[in-house]
Amino acid sequence: MSFIQLDNITKAFSEQGKPAVDKLSLKIKEGEIISLLGPSGCGKTTTLRMIAGFENPSSGSIKIDGASIVNESRALPPEKRGIGMVFQDYALFPHMTIAKNVMFGLNKWKMRDKKVRTKEVLELVGLEEYADRYPTQLSGGQQQRVALARALAPKPHVVLMDEPFSNLDAGLREKMRFDVTNILRRANTTAIIVTHDQKDAFAVSDRVVVMNEGIIQQIAAPKEMYRCPKNCFVAQFVGKTNLLTGKMDNDLRNIHTHIGKVTLPEESKERMENVTLSIRPEGCMLSEEGAYCGSVERVTYGGEYQELHVKLHNEPELSKAPMIIYAPVEQDVEIGSIVSFDIKPELVAMVE
Ligand code: ADP
Ligand code: MG
């Protein structure tokens, strides 16, 4: 049985125009870490707020641990839902110590239990020595761990985090992705994390839910999402890609495109006339006698790789975009030079 179940949740802020969230259905298992990933304005925060109870859906229902928390006829208030929320700006009380901040969520507990639990969660987030400090005396990453400790203290069914990494600089962000996942795993908590950053989503979650314009585009584990994006939107949103159209061969494995024949990782399940392919840049490997050949129009040094834009020689239509290819950094590639490459079928996917 799923632990959290959203059924056909819709939220329309006004009568006219598209709803912010449109018939969204999602099942989450206990202990799972899920992220809602999508561009700004696609309805991620609205979805989270409906689960938390700060916003009521226009229609649809939500169940947590078998109990209905909101449906057409009733809505449980936020404090009765067993939900821990971590806000984007952490929302710590500046005039309270770290321990008091954490205890705040335990107001109905006995004093003795409050103290024990506060110590326990501060240990969990590695801040037991900071109990008597004030939020401003802590770094951004530490403040975030306090916010997480406060959310976890009452042992909620689920922890919701809205853009938890957006206020952190690149280095700290990477560390916090690791720390937050570790803490959630050790607490054995179910969590939903909202982010617009593909790297955040891939690093922290068991499954990623990609949304666009209020609608779920795909739900998959990170690796599957990257290797087998369902449609053009997902292919482009989770990493760079080359989108090509072509016609399927009789053997159902080869697609004839403007750059030549491209091979799928496995035979298509059905015969299709027109096909769109997503080819990842790292699936294109420079090779002396590669099957495809073109001239380099642009080289961008990316640190771990170089991004090349290659205009194919057998290009019948000048309007077609150049292929994006990642080349190893140690390889010298000059603008205007001719390169040839092969395409790894494992990094080719048919998309809608
Ligand atoms: P995201 O978190 O993915 O950036 P939001 O859920 O905040 O997106 O917003 C989704 C859409 O709903 C946006 O078009 C936004 O302008 C609109 N919206 C959000 N909250 C409100 C509100 N309280 N009143 C009217 N429109 C809103
Ligand atoms: Mg948002």
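An open sheet of five strands, ordered β15-β19-β16-β17-β18, is built with antiparallel pairing. Strands are DSSP runs (E, at least two residues; helices are H or I, at least four), numbered from the N terminus, and two strands are taken to pair if DSSP finds at least two bridges between them. The edges of this sheet are formed by β15 (284-286) and β18 (323-327), each of which pairs on one side only. Neighbouring strands are turned by 50° against each other on average, direction ignored; the axes are lines fitted to C-alpha atoms, and angles run from 0 to 180 degrees between N-to-C directions. Strand β17 (residues 306-312) is joined to β18 by 5 bridges in an antiparallel arrangement. Valine 310 stands opposite methionine 323 in β18.

The structure is a predicted model, in which local features need pLDDT of at least 70 and side-chain atom pairs count only at pLDDT 80 or more, whereas totals for chains, interfaces and linings use all residues. Residues are numbered from 1 along each chain as its sequence is written, while chains are lettered from A and ligands numbered from 1 in the order in which they are written. The mean pLDDT (the predictor's confidence in each residue, from 0 to 100) of the chain is 93, and 98% of its residues reach 70 or more. For the complex, the predictor gives an ipTM of 0.98 and a pTM of 0.92.

Two domains divide the chain, domain 1 (4-230) and domain 2 (240-351), with bounds that come from an automatic or database domain assignment. Their C-alpha centres lie 39 Å apart. An unreviewed UniProt entry lists residues 4-238 as "domain: ABC transporter"; such annotations may be inferred rather than shown by experiment, and feature names are shortened and positions given in the numbering used here. Over residues 4-238 the chain is 34% helix and 25% strand, and the end C-alpha atoms are 25 Å apart.

A second open sheet comprises 4 strands in the order β2-β1-β4-β5, and its pairing is antiparallel. Its edge strands, β2 (21-28) and β5 (67-70), each pair on one side only. The twist averages 25° from one strand to the next. Strand β4 (residues 59-64) runs antiparallel to β5 and is joined to it by 3 bridges. The bridge partner of isoleucine 62 in β5 is valine 70.

Around ligand 1 are Phe13, Ala20, Gly38, Ser40, Gly41, Cys42, Gly43, Lys44, Thr45 and Thr46, a residue being near a molecule if its C-beta atom, placed from the backbone, lies within 6 Å of it. This shell divides into 3 nonpolar, 6 polar and 1 charged residues, where Ala, Val, Leu, Ile, Met, Phe, Trp, Tyr, Cys and Pro count as nonpolar, Asp, Glu, Lys and Arg as charged, and the others, Gly among them, as polar.
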